[in-house]
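Dear colleague,

Here is the structure I promised to pass on. My notes follow below it.

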Amino acid sequence: MTRSVNPYPVGLDLEGRRVVVIGGGSVAQRRVPVLLESGAAVHLVSPDITPTLQGLVDAGRLRWEAREYHTGDLDGAWYVVAATKNSLVNARVAAEAEQNRTFCVRADAVNSGSATTPAVIRRDEMVVAVLTGDRARTVEARDIVAKALTDAGVQAPGVDEQLRGTVALVGGGPGADDLLTVRGRRLLSSADVVVVDRLAPQRPLSELRSDVEIIDAAKIPYGRSMAQEAINQVLVDRALAGKFVVRLKGGDSFLYGRGYEEAQACAEAGVPCTVVPGVSSALSVPALAGIPVTNRGMTHEVTIVSGHLPPGHPGSLVQWDALARLRGTIVVLMGVKNTPKIAEALINGGRAADTPAAVIADGSLEDEVSYRCTLGNLAETISTHDVRPPAIVVVGDVAGLSQATVAGKP
Ligand SMILES: C[S@@+](CC[C@H](N)C(=O)[O-])C[C@H]1O[C@@H](n2cnc3c(N)ncnc32)[C@H](O)[C@@H]1O
């Protein structure tokens, strides 16, 4: 039943239609969620299935019969996937589908079924399907097309219209441009206005259209009002003028990012505001330095704390003595200047001075540096090496683990 490779591309409407999948291994695991997303009524036949498929069965998303394939299983099917590890069984499934005049994909021999699964790129409502007749070349071609679409900032039609008059709070990650999320980058490429922070990744800004207004949040003139209020006002004003505004920040907007205040200002002004979570420096910067903030059998909790006010400061909301009594990891942001007082408070509160510690500055950027030390000599380490913000301090046994990852960008 081998056919010539000249497929006719088509989009199937599978909503509520019976699709039979024979086999419950890794191929079925990849195909079934996509079929379910298309609304198909999936009926899976296989003696056993992967834990992921089991999860979908348990959630009532599909019907599973735990047995071998029998002739007759394809009755009433609109579409069939033959995905067992046994090519004889797949061939029998394909033969029955042929007899039933039902299109069938064969996972083991792509050109021997009556249909081929394309490699797919999704951009909102737009689906780009790629077929070449050879699985490896298809995937390669899909990746080339996907990159070209991303580089050219290609969007699904109509997306820009929906964004007009709205604000997106985009977490930019710790600074490296490729640690900005795919969603964040996509929205950035649609922005009319970008209000950007110093710690946000800067390179993606150079890829924006030349008519995009880029506003440096640090330079917004704010006169007698608060700087944050001035930023909120810019976001709201530009959105009310019909622009799509991206507020690009370092890390995650909701972790010491004042993102909620901006979202609230938008809500009060009737401006729709969405949030795109970012890769927070609190977890990613230690990770890049090879420090896991938790480790099985060692540390079951991690506390992220702001060190912008020293212990004992009347405005501080942190109970440093309580923190000192916890056994887990403490990650301090914005604490470089106050490290001597923070270390002292933790030691006075009961943390051993020989607790491992680390300080990492400019995480993910070219100038990234990290130093391992102890809580007792943390302040000295920072001053000896003249560590400057942005930097993160990690206190806890995890900082003493030996380096198991290779530093630098893969
Ligand atoms: C105002 S907070 C913003 C945190 C941000 N919203 C996040 O989720 O990463 C700024 C602090 O984050 C930390 N930080 C941000 N980017 C960093 C980086 N690339 N390397 C080290 N620390 C960083 C520093 O402690 C810095 O003082």
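A term before the notes: angles run from 0 to 180 degrees between N-to-C directions, with axes fitted to C-alpha atoms. Please keep in mind that this is a predicted model.

Start with the open sheet. Five strands form it, in the order β10-β9-β11-β8-β12, and the pairing is parallel. β10 (213–216) and β12 (273–276) stand at the edges. Each has a single partner strand, so one side of each is left without a neighbour in the sheet. On average, neighbouring strands here are turned by 20° against each other, direction ignored.

V167 has C273 of β12 as its bridge partner. Helix α8 (residues 259–268) lies across β8, β11 (245–249) and β12. The helix runs at about 160° to β12.

Next, the cores. The largest nonpolar core has 36 residues. L346, A357, A358, I392 and V394 have the most contacts inside it. Several elements each supply at least two residues of this core, including the helices α9 (281–288), α10 (320–325), α11 (339–348) and α12 (378–384). The strands β14 (329–333), β15 (356–361) and β17 (391–395) do too.

What does A357 touch, leaving aside its neighbours within four places in sequence? A357 is in contact with C373, T374, L375 and L378, with V393, V394 and V395, and with A399.

Another core, of 30 residues, lies apart from the largest one. Among its residues are I22, V80, C104 and A115.

Best wishes

Definitions and conventions: Residues are numbered from 1 along each chain as its sequence is written. This is a predicted model: local features need pLDDT of at least 70, side-chain atom pairs count only at pLDDT 80 or more; totals for chains, interfaces and linings use all residues. Two strands pair if DSSP finds at least two bridges between them. Helices (H or I, at least four residues) and strands (E, at least two) are DSSP runs, numbered from the N terminus. Two residues are in contact if their C-beta atoms, placed from the backbone, lie within 7 Å. A nonpolar core is a set of buried Ala, Val, Leu, Ile, Met, Phe, Trp, Tyr and Cys residues joined through C-beta atoms within 7 Å. A residue is buried if 20 or more other C-beta atoms lie within 10 Å of its own, exposed if 12 or fewer, and partly exposed in between; C-beta atoms are placed from the backbone.
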